[in-house]
Amino acid sequence: MERFEVIPIHRNKHFIKQCCAVINSEWPRSEMARLHSLEGSCDTLPTSLVLVKEEDNFKTVIGHAKITPIPSIPDSGFIETVVIDNHHRGQGLGKYLMHKTEEYIKTLGLNVAYLSTIDKQEFYSKLGYTQCQPISIYGGRLSGFNNLKMVSTIVPSRKTFMKKQLA
């Protein structure tokens, strides 16, 4: 029987290589850079969460989501690098991973989750996310711009930014 759980990777470092492979299967990047990012996970953010499938007492990483702080919006977290292994898609596991990621964000006392996506707007909308103005997760505040066209000419991007108020 299969069981699934979402756990912080920094408390389960033996999953880092597997997680790296799952992420790189979707967004190829040097393994060294990916490992460095995953090894930066901690309890206070950034935090990488892994979705683990347990079957016959063997655990395998099949998903990942990372939460990073947003310096200009202190009560919020930015969800990024959300991926489910290609062989496990279409089973509701992305929804499960997002729900557990939001729960983790709330345990940190944060009230809003932000994310950006290129092609999964419909998926995130079904989870309660709504489109919002672009934000910067690096400190500066892009949301001071009132005109989305103006922002998109300054910061060209195909990304759609979305947010959700966490209850």
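Visitor: Hi! Quick one to start: what is the relative accessible area of Glu 103?

Guide: Hello! Glu 103 has a relative accessible area of 33%, which makes this residue partly exposed. Keep in mind that we are looking at a predicted model.

Visitor: Which residue does Glu 103 form a salt bridge with?

Guide: Its partner is Lys 100, with 3.6 Å between the closest N and O atoms. Lys 100 is partly exposed too, at 27% relative accessibility.

Visitor: And where do Lys 100 and Glu 103 lie?

Guide: Both are in helix 3, which covers residues 93-107. They sit 3 residues apart, about one turn of the helix. As a general point, an α-helix has 3.6 residues a turn, so residues three or four places apart point the same way.

Visitor: OK, next to Glu 102. Which residue forms a salt bridge with Glu 102?

Guide: That would be Lys 164, and the closest N and O atoms are 3.0 Å apart.

Visitor: Are Lys 164 and Glu 102 buried or exposed?

Guide: Lys 164 and Glu 102 are both buried.

Visitor: How many salt bridges does the count come to?

Guide: The count comes to 10. One of them joins the side chains of Arg 11 and Asp 43, at 2.6 Å from N to O. Those two residues are 32 apart in the chain: Arg 11 is in the loop between strand 1 (3-8) and helix 1 (16-26), while Asp 43 is in the loop between helix 2 (31-39) and strand 2 (47-55). Arg 11 is exposed, at 52% relative accessible area, and Asp 43 is partly exposed, at 37%.

Visitor: Which residues are linked in a network of salt bridges?

Guide: Glu 2, Lys 53 and Glu 55 are linked that way.

Visitor: Changing topic: how many disulfides does the structure hold?

Guide: The number is 0. Take Cys 20, which is in no disulfide: the nearest cysteine sulfur belongs to Cys 19 and is 7.6 Å away. For a pair to count, the sulfur atoms must be within 2.5 Å. Cys 20 is buried, at 2% relative accessibility, whereas Cys 42 is partly exposed, at 24%.

Visitor: Let's do helix 2. Which residues are buried there?

Guide: Arg 34, Leu 35 and Leu 38 are buried in helix 2. Looking down the axis, the buried residues fall within an arc of 100°, so they line one face of the helix. Met 32 and His 36 are exposed on the other side.

Visitor: And what covers the buried residues of helix 2?

Guide: The cover includes helix 1, strand 2, strand 3 (58-69) and strand 4 (76-84).

Visitor: Which strands pair in the parallel sense over 4 bridges?

Guide: Strand 4 and strand 5 do. There, Gly 77 has Ala 113 of strand 5 as its bridge partner.

Visitor: What about strand 5 and strand 7: parallel or antiparallel?

Guide: Antiparallel, over 6 bridges, with strand 5 covering residues 112-117. Leu 115 has Met 162 of strand 7 as its bridge partner. Strand 6 (residues 130-131) also runs antiparallel to strand 7, joined by 2 bridges, and Thr 130 stands opposite Lys 163.

Visitor: How many helices and strands does the protein chain come to?

Guide: There are 5 helices and 7 strands. The protein chain has 167 residues, and 45% of them count as buried.

Methods
Residues are numbered from 1 along each chain as its sequence is written. This is a predicted model: local features need pLDDT of at least 70, side-chain atom pairs count only at pLDDT 80 or more; totals for chains, interfaces and linings use all residues. Side-chain values use heavy atoms; hydrogens and water are left out. A salt bridge is a side-chain nitrogen of Lys or Arg within 4 Å of a carboxyl oxygen of Asp or Glu. Buried means under 20% relative accessible area, exposed over 50%, partly exposed in between (1.4 Å probe, protein chains only). The arc is that of the directions from the helix axis to the C-beta atoms. Contact means heavy atoms within 4.5 Å. Two strands pair if DSSP finds at least two bridges between them.
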